[in-house]
Amino acid sequence: MSQTLQALRGMNDILPDEAETWEHFEDIVRDWLKSYGYRPIRMPIVEPTPLFKRAIGEVTDIVEKEMYSFEDALNGERLTLRPEGTASCVRAAIQHNLIAGSGPQRLYYHGPMFRHERPQKGRYRQFHQIGVEALGFAGPDIDAELIIMCARLWDDLGLEDVSLELNSLGSAEERALHRAALIAYLEQHVDRLDEDGKRRLYSNPLRILDTKNPELQQIVEQAPKLADYLGEESLLHFTAVQTLVKDAGIPYRVNHRLVRGLDYYNRTVFEWVTTRLGAQGTVCAGGRYDGLVAQLGGKPQPAAGFAMGVERLLALWQESGGEAEKVRPDVYLVHQGEAAMRLAFRAAEALRGHGFAALLHCGGGSFKSQMKKADASAAAVAVVIGEDEAAAGEVGVKPLRGAGAQQRVSLEGLPEAVADLLFTDESTNEEGNDGGV
């Protein structure tokens, strides 16, 4: 007997009940993004490997350990399943001349990303992100807008336990000065660094500040702070961002250890975090990356953005009571006999042509068994077609929710009869609710 095949660990099926919740969540997100003027863009799932090495950084965890990369058997090109969306979005903007041709762009995308890491709750090998990129905007106002729009989404979703952390990474020159001071400081404590810290000491020392190792916390707390190396321009930019965030009434904490795991960030960085998802507490993160467009071969352009993990946000939303209503048809059509089946097909299409959701019974069975399935479908109305109805070119219409006798109508009169039942039922429910107040 052949072995049953299963999905890869960390790459999950999303079954119908859950997928309906995903779609409802995505509808909320799309409406929110449109309200801020962001437009959709869709990029390939597979990109040339050098794109991510150049954008993310050779000595980041993503490039060193987590990317799904392979050689294209057709032409020998190195390809990678995208681990994040910003590099792909910027590559697309450069390739298609979006910014130079049409001016600054507010863009968003959503879809699967891939990282080869140990699966755990809220962290999977195939995961989903919603990404927002504002390309061509230089001022602190767009940084603040990105942060404020996130707060709006949390409000739309009814999330309460999500807090904001902010920091500024300054310019490349300022980071270089801080980097030299940080390396010199850490060299004095090299014997106390863990293996990860020693590996990153000269390649990416800033990431040591973000360590979760409790034995390194004292060393990290006393390390030189990047804030002390920021120049006037960077400080003014960061102050302006904070002013706009305060004006919006959003509480936040300046976290000097917030550095982000990707090399392309500069100036403003932020994370929205929660304590309700265990160790994987970041639900949304982003910031400014002014050098990335030029780094990927385009004309220098300022840019900022963020990404949020869909699985984590959904878990948080559902924990807060968010869910989608189960999809149910307006009408369930039951039938018996060949002539009745043919008429049922015509009736179902007539209803759909008038905007009703109609579920046609398939697979045969007695009227009794079919009516059980009609009731289980949660449809409000059943259309019943037997031999007598088929011979007369008529259908039976029966309310499934509330009182009411079955009536026979012509095929032409079916949409109106269904509408009368559906809308009368809704009106009756509303009146009943009002009467109970």
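Eight strands make up an open sheet in the order β1-β5-β6-β11-β10-β9-β7-β8, and their pairing is mixed. The edges of this sheet are formed by β1 (39-40) and β8 (252-254), each of which pairs on one side only. The structure described here is a predicted model. Within the sheet, strand β6 (residues 126-135) is joined to strand β11 (residues 303-309) by seven bridges, in the antiparallel sense. In this pairing, L135 stands opposite A303 of β11.

For α1 and helix α12 (residues 310-319), the angle is about 100° and the axes are 11 Å apart. The two helices α1 and α12 are therefore roughly perpendicular to each other, because angles of 65 to 115 degrees are placed in that class. On the α1 side the contact is made by T21, W22, H24, F25 and I28, and on the α12 side by V310, E311, L313, L314, W317 and Q318. Sorted by class, the residues of this contact are seven nonpolar, three polar and one charged.

One residue of this contact can be followed further. T21 belongs to helix α1, which covers residues 16-35. Its relative accessibility is 7%, so T21 counts as buried, the limit for a buried residue being under 20%. When neighbours within four places in sequence are left aside, T21 is in contact with L314, W317, Q318 and A324. Of these partners, L314, W317 and Q318 are also listed among the α12 residues that make the contact with α1.

A second open sheet contains five strands, in the order β13-β12-β14-β15-β16, again with mixed pairing. Its edge strands are β13 (358-360) and β16, each pairing on one side only. From one strand to the next, the twist averages 30°. Strand β12 (residues 331-335) pairs with β14 in the parallel sense over five bridges, and Y332 stands opposite A382 of β14. Helix α14 (residues 367-376) packs on this sheet and touches β12, β14 and β15. The direction of α14 makes about 170° with that of β12. Helix α13 (residues 338-353) lies across β12, β13, β14 and β15, and runs at about 165° to β12.

The remaining pairings described for the five-stranded sheet are antiparallel. Strand β14 (residues 381-385) and strand β15 (residues 394-399) are paired in this sense over four bridges, with V384 opposite G396 of β15. Strand β15 also pairs in the antiparallel sense with strand β16 (residues 407-410), over four bridges. Here V395 stands opposite V409 of β16.

Another helix pair is formed by helix α2 (residues 49-56) and helix α4 (residues 86-95), whose axes come within 10 Å and cross at roughly 105°. This angle makes α2 roughly perpendicular to α4. The contact involves L51, F52 and A55 of α2, together with A87, S88 and R91 of α4. By class, these residues divide into four nonpolar, one polar and one charged.

L79 is found in strand β4 (residues 78-81). With a relative accessible area of 12%, L79 is buried. Not counting residues up to four places away in sequence, L79 touches V46, E47, P48, T49, Y68, S69, F70 and D72.

Helix α6 (residues 140-157) was examined for its length. At 1.5 Å a residue, its 18 residues should span 26 Å, and the end C-alpha atoms are 26 Å apart, which agrees. The buried residues of α6 are I142, D143, A144, E145, L146, I147, M149, C150, A151, L153, W154 and L157. After α6 comes G158, which has a positive phi, near 75°.

Terms used:
Residues are numbered from 1 along each chain as its sequence is written. This is a predicted model: local features need pLDDT of at least 70, side-chain atom pairs count only at pLDDT 80 or more; totals for chains, interfaces and linings use all residues. Side-chain values use heavy atoms; hydrogens and water are left out. Buried means under 20% relative accessible area, exposed over 50%, partly exposed in between (1.4 Å probe, protein chains only). Contact means heavy atoms within 4.5 Å. The expected span of a helix is 1.5 Å times one less than its number of residues. Two strands pair if DSSP finds at least two bridges between them. Axes are lines fitted to C-alpha atoms, for helices over the stretch in contact, and angles run from 0 to 180 degrees between N-to-C directions. Angles under 35 degrees count as roughly parallel, over 145 as roughly antiparallel, 65 to 115 as roughly perpendicular and the rest as oblique. Ala, Val, Leu, Ile, Met, Phe, Trp, Tyr, Cys and Pro count as nonpolar, Asp, Glu, Lys and Arg as charged, and the others, Gly among them, as polar.
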